[in-house]
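Colleague: I would like to learn how to read side-chain features in a model. Could we take them one by one?

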Amino acid sequence: MVKYVEKNILMLYYTFGGNIIMKFLNKLKETYNIELAYKLFNYNTDGKYGKVVKRYIEKYTDRQDIFLKSIDLITDIDTPKSRYIRAKAYLWSRYPFKLKGIEYANEYITKELCSSLYMDIFVPKNVEQSEVTKKDIHISLILHEMGLIYESEYDFEKALECYNKQINLTPFFASSYIDKAKVLIKMDRIQEALNLLKSARLSKYYKPYSTKIYDWEEEQLNDDFKTSIELCIVDIEKKINKGYKYRARPSDCIWEKEYYDNLSDLQKKYLQEYIEQGVIKIKEN
């Protein structure tokens with residue numbers, strides 16, 4: 001089999017030239033790495049690449065290593081799908097790796113999107129069933145994750161920007177309003193948060209609608225939007241009555257040396273730049 005492949009590669013080499021063959025082989029390797037990385041960070045061991053993914057999972061028992069290995073596989077590859085994988089792998093990572101998630105997520109949503117990643121995305125029945133809607137949901141979900149990271153870094157203004165874009169893209173998701181309300185509370189704008197959620201009552205998506213997942217099922221009333229909004233309104237009103245004030249927790253970026261020493265070589269490799277920048281400090285025992 002190997003001799004057969006080698007023979008055919010040599011035939012292609014002499015027929016089309018070395019440069020074309022190398023481009024072809026590089027393209028094959030690039031496609032392989034992208035698909036493997038996508039399956040790996042999703043822990044998908046089914047079908048093609050499944051056995052390879054299993055071997056990596058057995059080798060890297062720490063979930064963070066799986067994310068970093070996924071990133072490793074697509075180093076220097078710049079396609080819509082590779083940009084998505086890089087962004088998501090960082091967004092799902094632990095601190096401080098997740099900080100890079102914002103940079104790569106921004107890059108992904110401002111460049112060409114990978115349409116295959118959102119064509120099968122779920123769209124609520126009371127919303128226009130179109131490719132544009134699916135694309136908006138795809139972007140909104142990424143903005144949600146970016147906003148959470150901004151919040152964790154106490155950059156509430158940037159988080160607010162993400163959640164405003166979320167509401168514009170997916171006004172049919174109650175979570176879009178709730179995300180914004182929560183960050184307004186942290187900004188000491190609790191009354192504004194309450195007013196925002198009350199304004200959601202005027203949305204056409206506030207009204208419950210009949211739906212069913214399968215044709216053979218009986219239709220059921222979906223009031224998720226209304227229920228979620230009302231629960232948050234009650235919670236914020238309680239906070240106002242109690243005189244609630246948000247208090248930030250202190251951020252500790254100092255790690256014990258013993259903890260650092262027990263990390264994998266892969267994590268240490270990616271941590272090096274954060275240590276050099278002073279984002280993470282290693283405390284000597």
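Modeller: Keep in mind that this is a predicted model. Start with burial: Ile185 counts as buried because its relative accessibility is 11%, and buried means under 20%.

Colleague: Where does Ile185 sit, and which residues does Ile185 touch, leaving aside those up to four places away in sequence?

Modeller: Ile185 belongs to helix α9. Leaving out residues up to four places away in sequence, Ile185 touches Ile190, Ala193, Ile236, Tyr244 and Tyr246. Tyr246 is 61 residues from Ile185 along the chain, yet their C-alpha atoms are separated by 7.0 Å.

Colleague: What is the nearest side chain of opposite charge to Asp179?

Modeller: Asp179 lies in helix α9 and is buried without a salt bridge. A salt bridge requires the nitrogen and the carboxyl oxygen to be within 4 Å; for Asp179, the nearest side chain of opposite charge is Lys182, 5.7 Å away. Asp179 does touch His144, Tyr163 and Gln166, again not counting residues up to four places away in sequence.

Colleague: How is a pair of aromatic rings described?

Modeller: By the distance of the centres and the angle of the planes. Here the count comes to 13 aromatic pairs. One of them is Tyr177 with Phe225, an edge-to-face pair with 5.9 Å between the centres and 80 degrees between the planes. Tyr177 is in helix α9 (residues 174-186) and Phe225 in helix α11 (residues 224-241), so this pair ties together parts 48 residues apart in sequence.

Colleague: Are Tyr177 and Phe225 buried or exposed?

Modeller: Tyr177 and Phe225 are both buried.

Colleague: Which rings are linked into a cluster?

Modeller: Tyr38, Phe41, Phe67 and Trp92 are linked by ring pairs into a cluster. Tyr38 also has a charged neighbour: Lys81 lies over the face of Tyr38, 4.4 Å from the ring centre. Arg86 is placed likewise over the face of Tyr104, at 5.9 Å from the ring centre.

Colleague: Now a helix. Which residues of helix α3 are buried, and which are exposed on the other side?

Modeller: In helix α3 (residues 50-59), the buried residues include Gly50, Val52, Val53 and Tyr56. These four cover an arc of only 160 degrees around the axis, so they lie on the same side of α3. On the other side of α3, the exposed residues are Lys51, Arg55, Glu58 and Lys59.

Terms used: Residues numbered from 1 in each chain as written. Predicted model: local features only at pLDDT ≥ 70, side-chain atom pairs only at ≥ 80, totals over all residues. Heavy atoms only, no water. Phe/Tyr/Trp six-rings, centres within 6.5 Å; stacked < 30°, edge-to-face > 60°. Helix = DSSP H or I, 4+ residues; strand = E, 2+ residues; numbered from the N terminus. Buried < 20%, exposed > 50% of the residue type's maximum accessible area, 1.4 Å probe, protein only. Lys NZ or Arg CZ within 6 Å of the ring centre and 35° of its normal. Arc of directions from axis to C-beta. Lys, Arg positive; Asp, Glu negative; His and termini not counted. Contact = heavy atoms within 4.5 Å.
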